[in-house]
Amino acid sequence: MRSATQLTDFPTRDPARSSELAAPPVCPSLLAPGVPATTTAIERSLHDLHLDEVISAMAPGGFQQDVWHRPVTDVSVIEYRQDVVDDLRTPAIRRAAEHFEAAMSSARNSITAKRAGHYPVPAELNLLEAIARFCTAVTGFAQALSEAHPKSAGLSGVCGHLRDYQAVSAFQDLARGSADLLTELRGPAVELGLQAGTVWVDVDSGRAGWAGEIAAFFSRFEMVDGARTVVPARPRRYLNHVEAQAIGLVAELRPETFARVHRFAAVHEDFLPADLERLGEELRFFLGFWKVADQLAAQGVEWCRPRVLVGTAGGRLSVEGVVDLALALRSRPGDPALVPNDLALSRGERIAFVTGPNQGGKTTFARAIAQLAYLASLGLPVPARTATLPLLNPVLTHFPQPDDPENQHGGLADEIARLHEVMVAATGSALLVLNELFSATSAEDALELSQVVVPEFTAVGCRVLWVTFLEDLVTSVPGAASLVGQVAADDPTRPTFRFRHQPPAGRSHAAALATRHGLSSEDLARRLG
Amino acid sequence: MKVRLLFSDREADLDAKPADGADDLVADLDLGPVLELMQPDRRLDELCPAVLLNPLTDPVQIAWRQHVLADALADPAGMRALFDLAGRALESQHSIWMYGGKTAESLLSRSIHGLRALLPLLRELAAFAANRLPYATSAGLTELYQRLIAELDTAYLGELATLLNQLGFPQGVLSRARLDASGLLGSLELLAPRRERPPWWAVLGFGGQGRFRFTIAERDEAGAQALAQLRNDAIYDVAATLGRSCEHVVGFFRQLRWETGFYVGCLQLHDRLGDLGITTCWPVPGTPSDAMAAVDLSCLSHAIRNAEAPVPNDLTGPRVDFALLTGANQGGKTTFLRSIGCAQLMLQAGMFVPATSYRAAVAPSVHTHFRRSEDDDLASGKLEEELVRMSRIVDRCRPGDLLLMNESFASTDEVEGTYLAADILDALLDHGVRVLMVTHFHRLARHYQHRPGTVFLTAERREDGVRTHRVLAGSPASTSHGMDIYRQVFGTADAVGAPGSVPRQPTTSQERISA
C-alpha cells in the first residue's frame, strides 16, 4: 500500500537500546520522546470524515502518511509534538528546517542515482553536490536552532545532537573535502562547440558573449513597444548519454580533478546517517502540515493549539470557530467564505444530536468537529479559534454507504454489521460520528433501533456526535445535547450553516418553504377547495 | 528609432484605449461614421478612436500635430507613401510565422527570416527619407527624416546583412559553459564569431574543434534529440535577444504605420469635407479664461452622416462656464451640441475644424450625457440608467472639463428632473466643470436665470414658425414649440385653434451672443 519507508525502519532512542554502550549517539525523534503509543486509524472513518483528502494534501510521502494514520493515545506525546509544531512557526527555524529537509531528499536521490550506476561521472558529480548540500544543511540547521532557542524538547534535542555531530572530525572532513572539490570543478569555464553531430570541449578562450553585442547593434530600434515577443522558456536539459559524454570530455580535459572526485565519491557513497534521514522524514511531516496550513491561513482559516485534557479536567469539550478542513482545501478564490461554528459540551453531554434543515451543513459540522479531534490526537494544530477537548482516540464513524442502494434489507444488515464493528472498536475515549444511522430502513424502525443502541453507547462511555432527522429521538434521550442548524431571520428557507444549542426546531423550516411555494395546509385547502 | 509624429516627446501608445466614457462620446456625438471614414486601414480600427478620444491639453503638442498635418495636406502623396511603406514592412512578416515552433532554434530562424525580409524595406525607407527631407517644413517630419537618414546608413545596413549570415553558424555553435549544480554543463553563453578569417583547415571543416570531441552515431535518434536540446540551450540567449530585436524593428514599423495612419485618416476626412463644400480652419487652443469664439461652425458628424453641409452656427461670447440651450424641438439643438463636441475633440486632436475660425479653451476631458431614447414613457429603469451614467461622469470629472448635456433627466417629470439636475449641476459647476446643456425644463432654466457666468441660448424660430436650425442668444421661453411641429406634420396652421397653445416669441432680440 504505502511506501516501504515506515516509522519502524529508522533507529529511535528506544529506552531498551540506550543501554548499548558501543552505539554512537542517535538523533532524538521529533514525534515522541520514545516509541509512541498509537492506534491505527480505520481507513473508512478517515474517508467518511474527508480526512483522506486532508492527508493526501498534507502528507508528502509514505513515512508521513504513516504518521497521519497513527493517532497518539498519550497526552504527553501530543504535547511533545505540539511544542515542535509551535517552534516551527518561528520563521528562522522553519526556513532552516525546510532547507535541511530539501537537502536530505536530494541526498537520498543522489545516492540512489549513484547506486543505479548509469553515467558514472555525472553521478559522482551529483553525489558531490549532495554531500556539500547536506553538510551546509546540517551546519545551517544546527546554527539556526542554536540561535533561535527552540522551546520544544524535540528540537532542543536535535539541536544538541547536530552540534555534537558537526564537531566529529569525519563530518568536518566531509564538509571541507566536498566544498574544495566543488570550487575546483566550478571554477574555470570551458568552451563547448557544436556542429552537426559533433561535440567538442576545450579551454575557455575568453571571447566575448554574442548576445550583448547583438542587443547593442539593434539598440537604436528600441522603443516603448517591443515586449510583444514571446520568448520560449529556456530548455530544461536532463542527463542522457550525450550530456554524459560531454561531461566525459570535460573530465578528459581536466583528468586530475576528476580523479579526485572519483576517489572522494567512492569513499563517501554512504554519507547519509540513518537517524538524520529519519529526522528529515519527521520534518517533512511537520513541514507538509505547515505548508498547507499556511496556505489555508492566508484564505482566512484560523489555526490554534488545542488544549487536550485528561483525568478530572477531561470531559469538557469547547470549540470556537471551527471549520471543515476538507472544505477549506477544496474552496477556490471567490467561493463564499466558510462558516465557522462553535460547540460546547459539558462532561455529562456524552451524546450530542445534530438536527436542522436539509443542505444546512449538519454533516459538515459533525465532520469539522471529528477532524478537529483527530488532528488534536496527532499533536497538530486545529482549524479553530480556540479548542479545549478530551483526548478522543479512536475517532470512529458510521456514515450511509452509497453502495447498492437497491438492496434495502441488505443495506440495513450491512449498516448494523458496520455499527457492530464500530462498537467493538469503541472505548471510553472514543468519538463516534453517526450520520443518519439506520437510514436504510423506515423512520419508525430507525427510531426504535436507535433507542435500542443508545444504552450501549452510554455503557461504553464514548462521546457520540449524531446527525439525524429523527427529532423524536433527540427528545427521548435524557441528558443529550441538541444542536440545531440555524436559518436566516428574514428568510426561513435560507440556512446560515451555524449551529446552536436548542430543542429541535420542529417543522418551522418546512412550513416556510411550503408557504413560499403556496403549499401550506391553508394554501392547499384553498387551492384544492 | 523614434517616430514622434503624434507627440513631440514620446511615442504614441498603440495599446492606448480611448479615455473612459469614450463609448458615450461616440454614441452621443454620433462619431461612428466619422471614425469609419477616417480609418486608414481595416486593421487600424482602434487608431482614430484612440487618438481622437484621448484629447491633448498641451498647446505645444496640438501645434506639433497641426504642423505635421499641414505638411500632409501640402503633400498628401508623401504621407500616404510613408504609410504604405510601413504597411508593406508589416506584411513582409506575415509569412514568417510559418516558422512555427516553441524552441530557441525556431525563434532564431523566425527572427533571421523576419529581419531578412525587413532589410530591403529599411533601405527603401532611408532612401525615401533622403528624397523627401527638402519638402518637409514641420519639425515632426523633418526630424523623423533626419533620424532615418542618420540611423539607417549604408554601413549599418551592411553590417546587419553580415550579422544575419553569421547567425547561420558556418563555424559551428560555440559557447562558454560551466559545471552546474545538477552535474551538467550549464550557464551556456553563446560566443561571438571570430572577427579574423578562419584558417584554411577550419574552412574545410577540420579541426578548430577542440582537442576532445565525439560524434554521435548516424542513426542515434535519441542522441540527435539530446544534441538538439543542447544546441537550443547554447543559442538560447542569442535567440531571445534576436527575437526581441526583430520585434523592435517590426515595432518601429508598426509605430510608423500607426502614427502616419492618423494623418492619412485626417487626409481622408479633409477630402470628404472638401467634397461637401465645407471650409476648414486651424483652430486656436485657448486658456481656460478665454472665451469661445466660433464662426460658421458646422457639425462634423451631421455632415458625414447626412453627406450634406449643415447650417453653420456662430457662437461668440464671454467666458461661459454654463450655457443653457432651450427652444424649438427639432430646432438643431442636438446638432449644435454635437458640433461643439466634435470641434472640441478635433481641436484637441491637433486637427482642423469645420469652421472659418474657431477658438476654445482646452478641456482635460469632454463628457456627454445625452438622453438615449426619444420616447417619453416614464419607465423607472430609464431614469436609473441615466443616473448610473451621470454617476460615472461625476467619478471622472475634473475642473475645466467640458460636459455636454442633452435633455438629461427627461425620463422623469419636470419637477423631479429639475431637482435632480439642479443639485448635480450646482455641484459640477462649483467643481469648475463647464457645462453646455440642452433642456426643455424651463423650470430648470429659470432656476439659473440670475446665476453669473450663465448664458441662455435658444434655437431660432422665425416669425412664420419655420426653424432655421440656428442657435441664438435668448432667455428661456416657456414652450418648446411643439405646436410648430404639430402644424408642420399636419401641414396646416388652422388645424389647431386652442388660443393657449399659440407659440410665444423668444423674449430677447435675435442677435449673436456678443460680449
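**Helices, sheets and an interface**

Visitor: Which is the crossing of helices α6(B) and α7(B), left-handed or right-handed?
Guide: This is a predicted model, in which local features need pLDDT of at least 70, side-chain atom pairs count only at pLDDT 80 or more, and totals for chains, interfaces and linings use all residues. Residues are numbered from 1 along each chain as its sequence is written, chains are lettered from A and ligands numbered from 1 in the order in which they are written, and side-chain values use heavy atoms, with hydrogens and water left out. A crossing counts as left-handed if the near helix is turned anticlockwise from the far one by less than a right angle, and as right-handed if clockwise. The crossing of α6(B) and α7(B) is left-handed.

Visitor: At roughly what angle do the axes of α6(B) and α7(B) cross?
Guide: Helices (H or I, at least four residues) and strands (E, at least two) are DSSP runs, numbered from the N terminus. Axes are lines fitted to C-alpha atoms, for helices over the stretch in contact, and angles run from 0 to 180 degrees between N-to-C directions. Angles under 35 degrees count as roughly parallel, over 145 as roughly antiparallel, 65 to 115 as roughly perpendicular and the rest as oblique. The helices α6(B) and α7(B) are therefore oblique to each other: the axes of α6 (residues 104-132) and α7 (residues 139-151) of chain B come within 8 Å and cross at roughly 135 degrees.

Visitor: Into which classes do the residues of the contact of α7(A) with α8(A) divide?
Guide: The axes of α7 (residues 153-167) and α8 (residues 169-186) of chain A are 5 Å apart, and the helices pack at an angle of about 75 degrees, which makes α7(A) roughly perpendicular to α8(A). A:Y165, A:Q166 and A:A167 of α7(A) make the contact with A:S169, A:F171 and A:Q172 of α8(A). Ala, Val, Leu, Ile, Met, Phe, Trp, Tyr, Cys and Pro count as nonpolar, Asp, Glu, Lys and Arg as charged, and the others, Gly among them, as polar. The residues of this contact divide into 3 nonpolar, 3 polar and no charged.

Visitor: Which residues of α7(A) meet those of α4(A)?
Guide: Helix α4 (residues 75-87) of chain A packs with α7(A) at an angle of about 70 degrees, with the axes 7 Å apart. The two helices are therefore roughly perpendicular to each other. A:Y80, A:V84 and A:D87 in α4(A) meet A:A153, A:G154 and A:L155.

Visitor: In what order do the 5 strands of the open sheet stand?
Guide: Two strands pair if DSSP finds at least two bridges between them. Strand β1 (residues 190-195) of chain A is joined to β1(B) by 5 bridges, and 4 bridges join β1 (residues 173-179) to β2 (residues 185-190) in chain B. The pairing in this sheet is antiparallel, and the order is β2(B)-β1(B)-β1(A)-β2(A)-β3(B).

Visitor: Which strands stand at the edges of this sheet?
Guide: A strand at the edge has a single partner strand, so one side of it is left without a neighbour in the sheet. The strands that stand there are β2 and β3 (212-215) of chain B.

Visitor: Which residue is the bridge partner of B:R176 in β2(B)?
Guide: In the hairpin of β1(B) and β2(B), 5 residues lie between the strands, and B:G183 takes a positive phi near 80 degrees. On β1(B), B:S175 has A:L192 standing opposite. The partner of B:R176 in β2(B) is B:E189.

Visitor: Which three residues supply 12% of the area that chain B buries against chain A?
Guide: In the interface, 82 residues of chain B are in contact with 65 residues of chain A. Buried area is the accessible area (1.4 Å probe) that two parts lose on being put together, summed over both. The chains bury about 6,900 Å² between them, 63% of it on carbon and sulfur atoms. More of chain B's share than from any other three residues, 12%, comes from B:L179, B:F212 and B:F214.

Visitor: Near what value is omega for the peptide bond from A:N393 to A:P394?
Guide: A:P394 has its place in the loop between β7 (386-390) and β8 (395-398) of chain A. The peptide bond from A:N393 to A:P394 is cis, with omega near 5 degrees.

Methods:
Contact means heavy atoms within 4.5 Å.
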